[in-house]
Amino acid sequence: MDVRLLWLALGAFAGSVESSLIVGVLPAIAAETGVSLAQAGYLIFGYSIAYGIGTPLLSTLFGHLDRRTVVAGAELLFGLMCLLLGVLPGFLLLVLARTFMALGAGLFTSTAQATAVALAAPGKRGSAISTVVMGGSIAVAVGVPAAALVAEFLGWRVAYLGLGVLAIIASATMWLKLPADIHGDRRTIRERLSVLRVPGMPLTLLTSGVMVMASFTFFNYLAPITTDLLGLERVLLPLVMFAFGIGAVFGNFFGGRLADRIGGRQTMLVIGGLMVVLLAAVPLLALLPRPLVLPAFLVHMALYGVVSWGFFPPQLHRLAALAPLAVPLSASLNLTSMNIGGALSALVGGLVLENLSIAWLGPIGAIGAVAALVIAYLAPDHR
């Protein structure tokens, strides 16, 4: 294995840890800055909008640069914004810092896999991409619970300072170790969006956005659901996130294999149906006898990790079937759709908290998952 790929994986690790860590520290940030939990959701909204819309624009703007400069610079921006989140006072400044952080995270993610392919020997491209993706998988299973423990005992700012240092180390090493002659992607915005003309592509991309909106309406507020709705101790949150991470690793693994066996649409319908059930069942967990709440919630979160991460591979499977010669373009637009869905989930979750109650986050998410199921059924699997 090319050792240089490990530094790309480290960058993916840092980004994946941060994107899940925020849901665990949202109540602490709200309490420290004096905003409501619903208002704290703007940390997620700003990030998701910047990631979803800013990434294709920045990829076009910096497409003339070599990939070493892009991945190292994007990871440096991400790391510096993590450091700023660790020290900046005031909620508005935190929102701005995390919004700019998203630009670095999105540009890095969209470029890192292409860089891995460029570094790979013939016949080794799949394993090269897997090495980079492995960084994200390890982050969800191990890095996020570890960061949540740091945030619990040392404070959320310390966790962000640690992530910032890690990202800056990865950025410096990528700059020193990667070759400077890997050409960038010079395609224009028009060329990047041309794949939307493929029949079925808009519906398939819409499926991703609605599914993420449904999923994260619940997941964004995992911390208050754990403590306020289910009455569990806050110190148990890292364990809850560990259960989710283990499920996510299995979901990512089996989602792709199930799509190969029964097809992308059928896999999406199975996963979407399970998500509807899991989201609708969230309020029922609070009705269980007290000794059963924690074990039931851990099983629930492990299954939720399976379905939340299990839908990525079948969606890419469907995109590849629709436009086999434009997979990088459709995958990039899929990332944009997912992040717009993430932004909407913050708004929907905030409205639920302000107008209903925390117990409604799961059922409202289930309604969104039903909509995603309908769209997934209507979207074709091939031209």
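Predicted model: local features only at pLDDT ≥ 70, side-chain atom pairs only at ≥ 80, totals over all residues.
1. **The main core.** The largest nonpolar core holds 104 residues. Within this core, Leu 8, Ile 22, Tyr 160, Phe 218, Leu 222, Met 301 and Tyr 304 touch the most other members. Helix H1, residues 4-33, gives the most to the core, with 14 residues.

2. Another core lies apart from the largest one. This other core has 10 residues, among them Met 201, Leu 322, Ala 326 and Leu 333.

3. **Ile 22.** Ile 22 is one of the core residues that touch the most other members. Leaving aside neighbours within four places in sequence, Ile 22 is in contact with Ile 29, Leu 43, Ile 44, Arg 98 and Tyr 160. Two of these names come up elsewhere: Tyr 160 is also among the core residues with the most contacts to other members, and Arg 98 takes part in a salt bridge with Glu 18.

4. **Salt bridge Arg 98 to Glu 18.** The count of salt bridges in the model is 3. In the pair Arg 98 and Glu 18, the closest N and O atoms are 2.8 Å apart. Arg 98 sits in helix H5 (residues 91-119) and Glu 18 in helix H1, so the bridge ties together parts 80 residues apart in sequence. Both partners are buried.

5. **Salt bridge Glu 32 to Arg 157.** These side chains meet at 2.7 Å, N to O. Glu 32 belongs to helix H1 and Arg 157 to helix H7 (residues 156-177), and the two are 125 residues apart. Glu 32 counts as partly exposed because its relative accessibility is 45%. Arg 157, at 17%, counts as buried; the cut-off for buried is under 20%.

6. **Salt bridge Glu 152 to Arg 234.** Here the N to O distance is 3.1 Å. Glu 152 is in helix H6 (residues 125-154). Arg 234 is in the loop between helix H10 (222-229) and H11. The pair links distant parts of the chain, 82 residues apart. Glu 152 has 22% relative accessibility, so it counts as partly exposed.

7. **Ser 308.** This residue is found in helix H14, residues 290-310. Ser 308 has 7% relative accessibility and therefore counts as buried. A polar atom of its side chain lies 2.7 Å from the backbone oxygen of Tyr 304. Tyr 304 is also one of the core residues that touch the most other members. Not counting residues up to four places away in sequence, Ser 308 touches Ser 215, Phe 244 and Met 275.

8. **The surface patch.** Leu 239, Phe 242, Ile 246, Phe 250, Phe 253, Phe 254 and Val 306 form a nonpolar patch on the surface. Together they have about 600 Å² of accessible area. Helix H11 (residues 237-262) gives the most, with 6 residues. Ile 246 counts as partly exposed because its relative accessibility is 33%.

9. **Leu 353.** Leu 353 has its place in helix H16, residues 327-355. Its relative accessible area is 21%, so Leu 353 is partly exposed. Leaving out residues up to four places away in sequence, Leu 353 touches Leu 37, Ala 38, Tyr 221, Ile 358 and Leu 361. The C-alpha atoms of Leu 353 and Gln 39 are separated by 10.0 Å, with the two residues 314 residues apart along the chain.

How values were computed
Residues numbered from 1 in each chain as written. Heavy atoms only, no water. Helix = DSSP H or I, 4+ residues; strand = E, 2+ residues; numbered from the N terminus. Buried < 20%, exposed > 50% of the residue type's maximum accessible area, 1.4 Å probe, protein only. Polar contact = N/O pair within 3.5 Å; in protein donor to acceptor, adjacent residues only side chain to side chain. Contact = heavy atoms within 4.5 Å. Core = buried A, V, L, I, M, F, W, Y, C linked by side-chain atoms within 4.5 Å. Patch = residues over 30% accessible without salt bridge, like charges linked within 9 Å, V, L, I, M, F, W, Y side chains within 5 Å. Areas by Shrake-Rupley, 256 points an atom, 1.4 Å probe, with all protein chains shown as cover. Salt bridge = Lys/Arg side-chain N within 4 Å of Asp/Glu carboxyl O.
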